[in-house]
Amino acid sequence: MTLERFFAWLVVVFWGISFLATKVVVQVLDPFFAGFLRFIFAFFFLFLISGGRPKLFNKNIVMAGFWGVFSYFAFENSALMFTEPTNAAIIVSSAPVFFLLFSHLVQKKKTTSKMYLGVILSFLGVALVVLNGRFVLKLNPLGDLLAFGAALSWVFYTHHIESLGSLSFRENAGIMFWGVVFFLPFSAGKFWQISEMNSIVVISLLYLGLVCSGLAYFLWNKAIERLGSRTTTNMIYYIPVVTAVAEHLLKLKLPSALLVGGVVLVVIGLLIFEREVHYETEDSTRGMRKDRTEETRSSAD
């Protein structure tokens, strides 16, 4: 396992547990104000690490802050006001499917039927994990549509991160800065809620801000840079799995057969996808070598 893949796995664990911390926070704070505090902690964390010189004025940094910080959490939090958490979790987990379509149709990346098969199997696995025996969904058109907005926001965020190329702490601090700026108008007049915070809420916010946003976003963006956007985005499928396992551990419950089956489907789907990416990369490398050989022969002739 490479260091970048290990970091991506670490982020999956951080974000999987983050749902439990978020649940604690939003029981006391307004969801938008909670998002504002979360990302202002993240900004100052990255600001200090970057030496106090965040990179701000870049189109992709501004748009990454809008889509991946503000828009994603605004849609997700708003969705949870209207629809069931189960609906939202399944819909938001569809982000890798949308990103595969986006990379195929918009970015014009080579995509095979086996890649689609892999991501769809993994999505079905996530649905089994999240539903865990509850096969009746209470549909809410507005709430479910907002949840789709969160999934699409992550697609656009990933696109802008990929466009940036290499990201240091400075660029990541800039992304958090613009996220805070976009959250600010929705948080005005809610600062009084700080007085309602207890020690558990503060610890949860620090975890969400410093670990899940400050550190995790940096590591995730590095994984996109080194592993590729498709491979990294597909690891989102493991986040609900971590959440479900963490909940079972906290409640000292054994995982159900459906949960185990869902995890197996997620793993099989991603293995199919990774194997296909590996073959496509090898074919591409062979093609490049063949082209160079033919160019060398032509030059010699």
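Because the model is predicted, local features were required to have pLDDT of at least 70 and side-chain atom pairs pLDDT 80 or more, whereas totals for chains, interfaces and linings use all residues. Residues are numbered from 1 along each chain as its sequence is written, and side-chain values use heavy atoms, with hydrogens and water left out.

The secondary structure of the protein chain amounts to 12 helices and 0 strands, where helices (H or I, at least four residues) and strands (E, at least two) are DSSP runs numbered from the N terminus. Along the sequence the pattern is accordingly α-α-α-α-α-α-α-α-α-α-α-α. Of the 301 residues in the protein chain, 47% are buried, buried being defined as under 20% relative accessible area, exposed as over 50%, and partly exposed as in between (1.4 Å probe, protein chains only).

An unreviewed UniProt entry lists residues 7-26, 32-49, 56-75, 87-106, 115-136, 173-194, 200-220 and 256-273 under "transmembrane region"; these positions are given in the numbering used here, feature names are shortened, and such annotations may be inferred rather than shown by experiment. Over residues 32-49 the chain is 100% helix and 0% strand, with the end C-alpha atoms 26 Å apart.

The N-terminal end of H9 is capped by Asn 198, a side-chain oxygen of which lies 3.1 Å from the backbone nitrogen of Ile 200. After H9 comes Gly 228, which has a positive phi near 100°.

The structure holds 3 salt bridges, each defined as a side-chain nitrogen of Lys or Arg within 4 Å of a carboxyl oxygen of Asp or Glu. One of them joins the side chains of Lys 190 and Asp 30 at 3.3 Å, N to O. This pair links distant parts of the chain, 160 residues apart, with Lys 190 in the loop between helix H8 (169-187) and H9, and Asp 30 in the loop between H1 and helix H2 (31-49). Lys 190 counts as partly exposed because its relative accessibility is 22%.

Within helix H9, the side chains of Glu 225 and Lys 222 meet in a salt bridge of 3.2 Å, N to O; the two residues are 3 apart and therefore separated by about one helical turn. Glu 225 also forms a salt bridge with Arg 226, at 3.5 Å, N to O, and through shared partners Lys 222, Glu 225 and Arg 226 are joined into one network. With relative accessible areas of 29% for Glu 225 and 48% for Arg 226, these two residues are partly exposed, whereas Lys 222, at 18%, is buried.

Lys 222 is also separated by 8.6 Å, C-alpha to C-alpha, from Phe 7, although the two residues are 215 residues apart along the chain. Phe 7 is found in helix H1 (residues 3-26) and, at 27% relative accessibility, counts as partly exposed.

Methods:
Polar contact = N/O pair within 3.5 Å; in protein donor to acceptor, adjacent residues only side chain to side chain.
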